[in-house]
Amino acid sequence: MSRYSPKGIYAGLRLAGLVFMIALAGACRQDMHDQPKYEPLEPSTFYEDGRASRPLVEGTVPRGYLHEDLEFFTGKTGDARQAGSGPGAGGRDGSTSGQTQQAGNAGSSDAGPVTPNAAATGGATGGATGGPTGGATGGALPPGAAQAEYRGFVSVFPVAVTEDVMDRGEERYNIFCSVCHSRTGDGNGMVVRRGYRKPPSFHEDRLRQAPVGYYFDVITNGFGAMPDYSEQITPRDRWAIIAYIRALQRSQQGTLADVPEDQRGKLDSEGRKQEGNQQ
């Protein structure tokens with residue numbers, strides 16, 4: 001076929017058109033890769049204040065961040081939240097109203113109680129989960145300083161404690177907490193045995209009497225050498241962990257009377273078997 005034939009000329013035009021389209025696409029490449037846009041905090045002459053980043057419309061709340069249930073999201077009563085009380089006041093997930101973190105939070109994790117602001121009030125006087133065994137009837141808090149330390153924290157779980165919640169709490173506890181606090185909660189976790197600062201045992205009277213909101217606040221905001229876990233652990237999982245901690249506390253204070261009658265015989269036989277093996 002001659003290159004000057006109609007078919008040859010048509011093929012040449014097609015090739016020239018293809019080359020033109022490729023060249024045109026190449027000319028647009030820079031705009032496609034570097035689109036005209038403002039980077040965060042970049043200046044702008046379009047707005048009167050000279051800022052490209054615009055402030056949120058007043059009253060805007062991101063979806064999922066309204067957190068109206070103060071007890072669920074802070075572990076505190078409304079009065080305590082306004083006063084900014086507690087060992088972890090000033091946390092990152094909105095557990096206070098701008099109050100400064102308590103000075104005692106900078107100390108050791110096994111230091112004594114930190115007294116919150118005197119204005120804080122609320123339900124830390126026992127309750128459904130505040131008792132030394134974590135049972136349904138609760139118990140009175142220690143007098144004096146401990147009363148003040150736990151004032152303003154909720155003493156009743158804001159979620160239903162079910163078997164699924166307990167299973168979830170055990171899983172999350174073993175992942176995030178046991179490395180320091182150990183699987184039994186005595187504070188002799190693996191990293192502690194390798195030189196990390198030892199946390200207090202959950203089985204101390206002071207912490208067995210602590211209301212559940214106190215634990216939530218410490219997990220959320222940290223305390224002493226313990227960092228906060230607000231990013232790693234969701235609020236619902238924090239309550240599940242606390243429910244499991246209550247179970248650990250009860251397990252170390254249990255008696256034979258706590259075991260159902262139909263299970264006591266099995267427990268006695270297992271105990272005698274273990275004694276025989278030790279002998």
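This is a predicted model: local features need pLDDT of at least 70, side-chain atom pairs count only at pLDDT 80 or more; totals for chains, interfaces and linings use all residues.
Student: Which residues of helix 8 are buried?
Tutor: They are V212, G213, Y214, Y215, F216, D217, V218, I219, T220 and N221. After helix 8 comes G222, with a positive phi near 80°.

Student: What makes a stretch of chain a helix here?
Tutor: A helix is a DSSP run of H or I with at least four residues, a strand is a run of E with at least two, and both are numbered from the N terminus. Helix 8 covers residues 212-221 and helix 9 covers residues 235-253.

Student: Why is helix 8 called oblique to helix 9?
Tutor: The two helices pack at an angle of about 125°, and their axes are 10 Å apart. That angle makes helix 8 oblique to helix 9, because under 35 degrees counts as roughly parallel, over 145 as roughly antiparallel, 65 to 115 as roughly perpendicular, and the rest as oblique. The axes are lines fitted to C-alpha atoms, for helices over the stretch in contact, and the angles run from 0 to 180 degrees between N-to-C directions.

Student: Which hand does the crossing of helix 8 and helix 9 have?
Tutor: The crossing is right-handed. That word applies if the near helix is turned clockwise from the far one by less than a right angle, and left-handed applies if anticlockwise.

Student: Which residues meet between helix 8 and helix 9?
Tutor: From helix 8 they are V212, G213, Y215, F216, I219 and T220, and from helix 9 P235, R238, W239, I241, I242, I245, R246 and Q249. The residues of this contact divide into 9 nonpolar, 3 polar and 2 charged. Contact means heavy atoms within 4.5 Å. Ala, Val, Leu, Ile, Met, Phe, Trp, Tyr, Cys and Pro count as nonpolar, Asp, Glu, Lys and Arg as charged, and the others, Gly among them, as polar.

Student: What makes helix 5 roughly perpendicular to helix 9?
Tutor: Helix 5 and helix 9 pack at about 90°, with axes 7 Å apart. That angle makes helix 5 roughly perpendicular to helix 9. Residues in the contact include V165, M166 and R168 of helix 5 and D237, A240 and I241 of helix 9. By class, the residues of this contact are 10 nonpolar, 1 polar and 4 charged.

Student: How do you know that K76 forms a salt bridge with D217?
Tutor: Their closest N and O atoms are 3.4 Å apart, and a salt bridge is a side-chain nitrogen of Lys or Arg within 4 Å of a carboxyl oxygen of Asp or Glu. The pair links distant parts of the chain, with K76 in the loop between helix 2 (70-74) and helix 3 (78-83) and D217 in helix 8, 141 residues apart. K76 counts as buried because its relative accessibility is 0%, and D217 is buried at 0% too.

Student: Where do E171 and R168 lie?
Tutor: Both lie in helix 5 (residues 163-176), 3 residues apart, about one turn of the helix. E171, at 38% relative accessible area, is partly exposed, and so is R168 at 34%. Salt bridges with shared partners join R168, E171, R172 and D237 into one network.

Student: Why does F202 count as buried?
Tutor: F202 counts as buried because its relative accessibility is 7%. F202 lies in the loop between helix 6 (178-181) and helix 7 (205-208). Leaving out residues up to four places away in sequence, F202 touches Y173, H181, G185, L207, R208, Y215, I245 and Q249.

Student: What makes D228 partly exposed?
Tutor: D228 has a relative accessible area of 23%, so it is partly exposed. D228 is placed in the loop between helix 8 and helix 9.

Terms used
Residues are numbered from 1 along each chain as its sequence is written. Side-chain values use heavy atoms; hydrogens and water are left out. Buried means under 20% relative accessible area, exposed over 50%, partly exposed in between (1.4 Å probe, protein chains only).
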